[in-house]
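Open the model in your viewer and keep the selection tool ready.

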Amino acid sequence: MATRNAVGLDIGTSSIKMAHIKETSKGPQLLAFDTIMLPPDTIKDGVILNAPVLVKRLQELFTQNKVRERRVAISLSGHSVIIKKIALPEMSAAELDEQIQWEAEQYIPFDIKDVNVDYEIINPRAGQGQMDVLLVAAKKAVIQELVDVVRAAKLDPVVVDVDSFAIYNSFELNFAVPKEEAVALINVGASTCNINVVADGATSFTRDITVGGNLLTDEIAKQFAVPWEEAEHMKTTSETTLSMSGVLREVQRISLRVSETLVNEIQRSLDFFAATAMNSDINAIYLCGGAALQAGLIEGIERRLGVTVRALNPFANVIVDPKKFDAQLMQRMAPVSAVAMGLALRRMGDR
Ligand SMILES: Nc1ncnc2c1ncn2[C@@H]1O[C@H](COP(=O)(O)OP(=O)(O)OP(=O)(O)O)[C@@H](O)[C@H]1O
Ligand SMILES: [Mg+2]
């Protein structure tokens with residue numbers, strides 16, 4: 001049966017995640033899901049350094065999972081994207097279409113010729129003849145680079161989204177979006193941390209900070225004077241030989257310290273939101289991303305911000321056939337899958 005959903009493709013610094021969903025009368029059903037690791041330095045600070053490797057892994061991912069759908073939804077994050085909430089006089093979508101480029105010029109710190117501009121009306125009746133609009137600008141060169149790689153893998157990128165919006169879509173699918181209170185969605189990846197504060201039932205503030213799990217890998221590599229790959233292994237393993245030797249205890253100690261740095265950065269961003277918002281109390285935090293598993297992070301956020309941290313499980317409301325998908329594996333994959341699942345919800349022809 002044909003589905004109208006594109007395949008969600010989250011091309012991260014440490015791995016690619018692929019998710020394919022079919023809408024059924026009982027809700028969204030998972031058709032395919034997999035992840036594939038990328039060698040270090042394939043992507044660095046959001047820049048593709050090794051396109052051939054990326055193309056090869058993309059092809060492997062689709063062949064191994066026998067996914068025939070070629071239309072994909074991809075996403076951007078980090079410095080190449082700017083998202084701003086602006087208040088505009090109430091107007092029709094057609095009027096806004098004409099005006100958006102001009103508005104963007106005043107709010108976006110890039111040369112307008114170098115960016116693609118898009119928008120979403122999030123609050124059509126903010127009051128007093130005003131409406132709230134999310135303005136999104138992404139660097140054309142960065143989009144092109146990603147699109148070229150995806151096309152080279154014989155895939156057709158029909159949607160280009162933004163990580164923090166994809167997380168919102170995952171959240172919306174699996175949890176009730178609170179109408180009154182504010183919650184923060186936080187995705188802590190390998191090199192970037194996406195924050196999306198949801199208030200009044202919509203995205204109100206987003207920020208990407210360029211810190212993540214790599215901070216801890218770098219620190220372990222330095223402290224133990226080991227190659228980066230070994231440090232990465234040390235932090236994600238529970239091997240008994242390592243735990244017997246006390247190495248894991250030391251890794252844990254370093255992790256607690258590095259997590260404090262991450263908490264500082266997250267707190268700074270949320271403080272910035274609080275300074276600009278009217279109703280700035282954040283009632284809960286939904287955490288995802290591989291580095292959310294890092295020792296000390298959840299506890300650190302809860303302690304510092306005094307807010308309950310919940311896991312943003314992107315499969316909570318999704319039909320996952322236990323005959324096709326290993327339950328334990330899916331549970332393990334849940335933290336890193338929020339962006340891919342959010343992208344998999346996108347339809348052809350979506351903005
Ligand atoms: N059990 C674990 N303990 C600590 N860190 C972990 C664990 N599992 C994964 N990580 C870390 O999570 C990170 C990968 O997470 P994720 O897949 O969300 O990032 P990414 O999407 O590849 O990167 P980015 O979004 O920053 O480009 C890596 O830094 C990895 O070391
Ligand atoms: Mg990521």
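Start with ligand 1: the shell around it draws at least three residues from each of domain 1 (1–78 + 141–174 + 313–351) and domain 3 (176–311). These domain bounds come from an automatic or database domain assignment. This is a predicted model, in which local features need pLDDT of at least 70 and side-chain atom pairs count only at pLDDT 80 or more, while totals for chains, interfaces and linings use all residues. Residues are numbered from 1 along each chain as its sequence is written, and chains are lettered from A and ligands numbered from 1 in the order in which they are written.

Next, select Gly-12, Thr-13, Gly-189, Gly-213 and Gly-290, which come nearest of the 21 residues around ligand 1. A residue counts as near if its C-beta atom, placed from the backbone, lies within 6 Å of the molecule. Helices here are DSSP runs (H or I, at least four residues), numbered from the N terminus. The largest share, three residues, comes from α6.

Now select α5 (residues 214–224) and α8 (residues 247–276). Their axes come within 10 Å and cross at roughly 140°. Axes are lines fitted to C-alpha atoms over the stretch in contact, with angles from 0 to 180 degrees between N-to-C directions.

Notes: Helices (H or I, at least four residues) and strands (E, at least two) are DSSP runs, numbered from the N terminus.
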